[in-house]
Structures are given as structure tokens and as C-alpha cells.
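My entries follow in the order I made them.

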Amino acid sequence: MTYLGIDIGTSSVKAMLIDDTQATIGSASAPLDVVRPHPGWSEQNPDDWWTATQAAVAELKRDHSSALAAVRGIGLSGHMHGATLLDASDTPLRPCILWNDTRSAEQCVNLEAAEPRFRTLGGNIVMPGFTAPKLQWVRENEPEIFEKVAKVLLPKDYVRLKLVGDHVSDMSDSAGTLWMDVGERSWAGPLLAATGLGEEHMPRLVEGTESSGALRAEIAAEWGMASAPVVAGGGGDNAASACGAGVVSPGAAFASLGTSGVLFASNDRFSPNTDNAVHAFCHAVPGTWHQMGVILSATDSLNWLSGVLKTPPEELTALLDGQTLAPSPLLFLPYLGGERTPHNDAAIRGAFVGIAHETDATILTQTVMEGVAFAFGDCLDALSDAGTLVDSAIALGGGSNSPAWVQILANVLAIPLHLPADGDFGAAFGAARLGLIAAEDADPTTVCTLPTIQSTVEPDPSTLAAYGEARARYKTLYPALKEIQIQ
């Protein structure tokens, strides 16, 4: 028995096969392009997701045909918030407006003023990243397209439509549309009405661990499968990654040092904190929710410094490995493309403070790593204000390969960080786990277990006070920068 996870990423589609012990059999990916026709716009052709999915699965069929033939369950994951608009014949009406598209800023302000329940029922600030303001932008700027909208799907759910022939979504991904009553795990009529839509425009909702339908017979035959597997509800990318990392029980958390940074905590109840731009969504497992603090430039900040210094990122981080670090005399604000938690400020930009004659590449690197860690500290505070205590976390993402960066993050957050043994615990693996649960009617907590921990990085008690003082200075800089920066 095998299981297939498909993750619709922004830059590629990844497909992963696992066996009934959850060991990885193989994986494959196919690239995707992002189109930016105007400043602040970010779009993809929905049919490119299906083409890339077919290409990735074809590679698995070539290399692991017998394992692919034995698939009993398929799980889906995907980048959230994308507005995929279909007409009555399920044909896309325009390119999908992606999560990182910022054209709907004006619509966000107007929607919040007109319907305050976006923050209460929806549990989140109305931001350009979410789906609802994108539809309002289309309604105002492309009315001839808006009038033809029969269904609005999220990216992974357009792929699901190709797989099962039905309009279905899961709770975690749909919570990112801003059209859900997140606490009740259902569509919210008043929020849909605020953007001129109704429940008839929405897909049917299932839990991420439930079947959303069986794979169409012709697709199963094309992929060489012995029978048509069930397709699980799946999840949004971060919720699926949490399933992959075993972060499904209340109180479990991960800190992802990826291109962006995410501090993710699983909750037993709906716990919004819109004042500090916390994202509060349904989890991909039933009866569970989650919160996220999100920073926009984590390893992206180091990649930027790498480009400026013309030195690979791994060489920069190696300058600090093995050292006992006191805080840098400099401060760095990692707002290279704006910030989400806690500021919700798309216009703010970053800064170095305290550069001197003696400032060199090592100091700049440490300062960038600390600035990202301080931004994670802001996320930790925001989650704490929402009633969530994070007392440890699994460290994930490319930045977690740097021992110095993980130590800095542990020092700033003042919590232990657990480093998993080698393996892929990302969204495609989490999606495959969800496919297993749906196919076998398994208990999510027995399937979505924590990975084997290779080591734990404890905060260095000798530096905690100094990092606390440095972080206090860091927190004074955003309002000062906001005051003087040209917007």
C-alpha cells in the first residue's frame, strides 16, 4: 500500500510517494512560472498547475511504476489565498491572482470599514494576500469577468477538480479566503455577501483528513493505478507542513526559517489576534485550529546580504558557526518587502542601525540573522497575546541548517528548538499523510507523529539578558522608522 502527496507550490509542483510505514519511496517536481504584468501583481495560469502535476506524476511513474500503481490515497497541499475564477463550464476566466499580489490594498480598507465581521468571524485582518479582497478588486475593475464567475477555487482545489471532477476544498485552505466562519468551520454568508458572492460560488467543504472523492477512472488508468484511490481534503501549505512535522496536537509548534518565516502553533480552539496581525485558521485535522506569526523576509534577508557581499549564504553563516555569540552592536530590521506580524505594513522597508568603520561581513551576517530572530520574537509575543504559550518548537526550513542561526533564534525566543533527523517533513509529505488517513480511516494523531529529533538547541543562559536588552532596542525602531521613512 502506498500514498501520494501533491503540493502545488508557487515555483513548482512536488509529488511524493510514501509507503505504509511512511518511508519515502520517491519524489518528483515540475517548475512553475509567476507572471507579473504590472508592479505589485502576481499571477499564474491555473492550467499550468495541472500540466506540472501531470509531469511530476509521470516522472514517478517512470521511476516507481509499481509503487504508483499501489496508491490507495492521495493528499493535496497548495499555496493559499489564490483567486481562481471559473465560469459555468469550469473554464478559468482569467489568470489566478496569487497570495503575494498586492493590488487590492484599497479594497482591503473598504471591506474592513463596511464589514467588521471579517475580523471576528473570519479571524484575520483583511490583507491584500487574502482571497476576498482580490474578488472585490475584480468586481470593481473587471466587472465583465466578475459577472461570469460561477465558482471560486483555491489553487490546489483546481487541481482537485481535475482529479475528482468536483468542487471541494478543505477547512485550513478555505480559512485563508476570509469568507469562512473559522470558529464554526463553515462558509459565512455575510462575508461572502460583502464581496457580492454567495455559498453557491464556493466549493463543498470537507476536513483535510476526509475523502473529497475518488480519483477519476481515466486519470487512474493514465497513471497506471490498479484502482481509483480516494483524494483527501488536504490542506493549505503551512497546515500540511505541520502535518508533515507532526505539529497537530494543541501546544505543538514549529519555527520555519524559510524564504519567509513562520511561527506556527496548533490550538484546540479558534484564537484570533487581529490587533497584532496573527493569522488564525482551521488546521487540516478535525477539531483543531492554528495560529501563525508570519514575517516576509527570513532567509530572503540573508540572500539579499549574500547578493550585496557577493558571497554564498552558506559561506556567510559558516563565519559564525562554533562561536559563542553575544549580540551584535548593530541592529537590522528585516522589512525588505514590508512586514506582516505584528505590523501589517506593506510599505515599510528595512534598515541597518549602528554601522561603524569596523563593521565587516561577519558582523553584518550576525546582525541580519539576529534581526530575523527578533522578528520571530515579535511573532512569539503576538501568539502569547492571543493566549498561546509556545514553550518549544521544531526548527524547519533552510535557515535551520545553520547551527549559529538556530542558536541565535533559541537565545532570542528563550525556548528550546528541536532539530529533526534528516528527512523531508514538508507540505508534500504532510499531504501524503493526509491521503493515508483518508484512505485507511486512521487516527491523525497516530499518523502525524513528530519526527525523530536529532538534537535540541537550548538557549544559552549566559546571553539571555544581553539578547533581551538588544531585542528591547530593536522593538523601538519600527515606530521611529515608520515616522521618517518615505512611504
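**Thr 177.** I listed the contacts of Thr 177 first. Leaving out residues up to four places away in sequence, Thr 177 touches Phe 130, Thr 131, Ala 132, Leu 154 and Trp 187. The model is a predicted one, and I read every entry here with that in mind. Thr 177 sits in the loop between helix H8 (171–174) and strand S10 (180–181). Is Thr 177 buried or exposed? I found a relative accessible area of 3% for Thr 177, so this residue counts as buried, the cut-off being under 20%. I also checked the side chain for polar neighbours: one of its polar atoms lies 3.1 Å from the backbone nitrogen of Trp 179.

**Asp 170.** Next I went to Asp 170, which belongs to strand S9 (residues 168–170). Its relative accessible area is 0%, and Asp 170 is therefore buried. Which residues does Asp 170 touch, not counting those up to four places away in sequence? I noted Lys 156, Arg 160, Leu 205, Val 206, Gly 208, Gly 233, Gly 234, Gly 235 and Gly 236. With one of these, Lys 156, Asp 170 makes a side-chain to side-chain polar contact of 2.8 Å. For another, Gly 234, I looked up the C-alpha separation from Asp 170: 6.3 Å, across 64 residues of chain.

**Strand S1.** I then took strand S1 (residues 2–8) and asked how many of its seven residues are buried. Seven of the seven are, so the strand is largely enclosed by the rest of the structure. In a regular strand, side chains alternate between the two faces of the sheet, so I sorted the residues by side. Thr 2, Leu 4, Ile 6 and Ile 8 are on one side, Tyr 3, Gly 5 and Asp 7 on the other, and both faces of S1 are covered.

**The seven-stranded sheet.** My next entry is an open sheet of seven strands with mixed pairing, in the order S18-S19-S17-S16-S22-S23-S24. Its edges are strand S18 (279–282) and strand S24 (453–457), each of which pairs on one side only. On average, neighbouring strands of this sheet are turned by 25° against each other, direction ignored. Phe 254 has Ile 394 in S22 as its bridge partner. Helix H15 (residues 403–413) lies across S16, strand S23 (417–420) and S24, and runs at about 150° to S23.

**Second largest pocket.** Last, I looked at the second largest pocket, which holds about 160 Å³ of space. It is lined by 13 residues, and the closest to its centre are Leu 302, Thr 317, Gly 398, Gly 399 and Ser 402. Which elements give two or more residues to this lining? I recorded helix H12 (299–309), helix H13 (313–318) and H15. H15 is also the helix I had noted across S16, S23 and S24.

Terms used. Residues numbered from 1 in each chain as written. Predicted model: local features only at pLDDT ≥ 70, side-chain atom pairs only at ≥ 80, totals over all residues. Heavy atoms only, no water. Helix = DSSP H or I, 4+ residues; strand = E, 2+ residues; numbered from the N terminus. Buried < 20%, exposed > 50% of the residue type's maximum accessible area, 1.4 Å probe, protein only. Contact = heavy atoms within 4.5 Å. Polar contact = N/O pair within 3.5 Å; in protein donor to acceptor, adjacent residues only side chain to side chain. Pairing = 2+ DSSP bridges. Axes fitted to C-alpha atoms, helices over the stretch in contact; angles between N-to-C directions. 1 Å grid on protein atoms, 1.4 Å probe; cavity = no way out; pocket = protein on both sides within 12 Å on 5 of 7 lines; lining within 4 Å. Points joined across faces, edges and corners; volume = space filled by probe spheres on them.
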